[in-house]
Amino acid sequence: MAGEFELIARITADLDAGPDVLLGPGDDAAVLRPDGDIVVTTDVLIENVHFKRSWSNARQIGRKAVAVNVSDVESMGASPGSIVVGLAVPRELDQTWVEEFQQGVVEECGRAGVSLVGGDLSSSAHIAIAVTALGNLQGRSPVTRGGARVGDQVAVRGRLGWASGGLLVLQRGFGSPKELVAEQQCPSVPYGAGRVAAAVGATAMIDVSDGLLQDLGHIAERSGVGIDVDPSLLEVPDGLARLAAATGKNPMIFMLAGGEDHALAATFPPDADLPDGWVRVGAVVAGDAVTVAGEPWETSAGWDHFGALPGG
């Protein structure tokens with residue numbers, strides 16, 4: 001592998017910069033001039049925890065590293081602006097892996113509308129990735145988890161259950177349904193949907209990363225309300241239906257409790273017209289828990305790094 005500084009120079013060459021970037025990579029720090037309050041979020045991706053090189057190539061991992069972070073910016077109703085990436089890799093790793101990882105990062109930055117403005121490169125026994133994403137509110141107030149009110153609609157924008165279905169496929173050594181595997185390798189974040197939801201009056205919002213029920217539980221707890229999900233409003237996609245038929249599993253377990261989808265879930269006033277692409281999945285009710293069709297959910301509500309697996 002090339003030396004650290006030579007490699008950094010290669011992977012930061014000719015990067016596009018957004019209008020808020022005054023100084024990009026190449027100095028001790030970037031210089032930004034945003035046009036509103038700043039939203040900041042960070043995520044860490046660890047080899048064999050968040051990804052496996054036997055399941056995903058470097059480009060897919062690079063894309064995923066960007067997507068999972070920018071989704072959190074979207075969930076605040078902010079406009080994504082820039083990211084910094086910290087990457088630690090084994091010394092013996094082929095340099096082409098790093099270059100392909102960078103290609104994936106740049107590719108997803110283009111999709112998300114963000115600028116890569118810096119980061120760090122180091123050595124490690126295993127691959128570790130830390131991404132910090134910044135967005136700006138452009139004069140708007142953030143949409144937090146704490147604004148849901150009894151009577152609000154609960155809606156989702158994005159795919160539910162695809163990533164956890166893809167994880168099961170990979171764990172069993174298969175490659176199909178391919179659309180589920182692709183979603184596990186890199187989620188399809190609904191870029192721009194958070195800002196649209198904020199503009200039409202979303203009262204609370206969250207990135208669905210740990211399972212719909214678990215993440216709605218965060219809104220319920222922070223808002224001091226209950227949430228009831230109506231599973232009859234959820235359409236099971238073909239890939240999940242085929243996976244469920246092949247494995248004997250209930251597809252709703254994937255859709256309600258599967259993690260890593262990085263869809264958005266939000267609450268809206270009762271009389272609000274939902275934006276295009278948003279699907280109503282339930283309602284905010286009096287109480288302090290998340291229920292499904294009025295009843296408690298009997299299995300795990302989602303992913304917990306220090307808890308049981310969904311469905312366990």
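This note goes through the sheet, a surface patch and the cysteines of a predicted model.

1. The sheet. Four strands make up an open sheet with mixed pairing, in the order β3-β6-β4-β5. Strands β3 (38-46) and β5 (115-123) are at the edges; each has a single partner strand, so one side of each has no neighbour in the sheet. From one strand to the next, the twist averages 15 degrees.

2. One strand pair. In general, the strands of a sheet pair through backbone hydrogen bonds, and the pairing is either parallel or antiparallel. Here β4 (residues 79-89) and β6 (residues 128-136) run antiparallel and are joined by 9 bridges. Ile83 stands opposite Ala133 in β6.

3. A surface patch. Leu22, Leu23 and Val31 form a nonpolar patch on the surface, and together they have about 220 Å² of accessible area. Val31 belongs to strand β2 (residues 31-32). Val31 counts as partly exposed because its relative accessibility is 36%.

4. Disulfides. A disulfide is a covalent bond between the sulfur atoms of two cysteines. How many disulfides does a search of the whole structure find? The search finds 0. For Cys109, the closest cysteine sulfur is that of Cys186, and at 11 Å it is too far away for a bond; the cut-off for a disulfide is 2.5 Å. Cys186 is likewise in no disulfide, its nearest cysteine sulfur being that of Cys109.

5. The cut-off for buried is under 20%.

Technical notes:
Residues are numbered from 1 along each chain as its sequence is written. This is a predicted model: local features need pLDDT of at least 70, side-chain atom pairs count only at pLDDT 80 or more; totals for chains, interfaces and linings use all residues. Side-chain values use heavy atoms; hydrogens and water are left out. Patches are made of residues with over 30% relative accessible area and no salt bridge: like charges are joined within 9 Å, nonpolar side chains (Val, Leu, Ile, Met, Phe, Trp, Tyr) within 5 Å. Accessible areas come from the Shrake-Rupley method with a 1.4 Å probe; for residues, only the protein chains shown count as cover. A salt bridge is a side-chain nitrogen of Lys or Arg within 4 Å of a carboxyl oxygen of Asp or Glu. Helices (H or I, at least four residues) and strands (E, at least two) are DSSP runs, numbered from the N terminus. Buried means under 20% relative accessible area, exposed over 50%, partly exposed in between (1.4 Å probe, protein chains only). Two strands pair if DSSP finds at least two bridges between them. Axes are lines fitted to C-alpha atoms, for helices over the stretch in contact, and angles run from 0 to 180 degrees between N-to-C directions.
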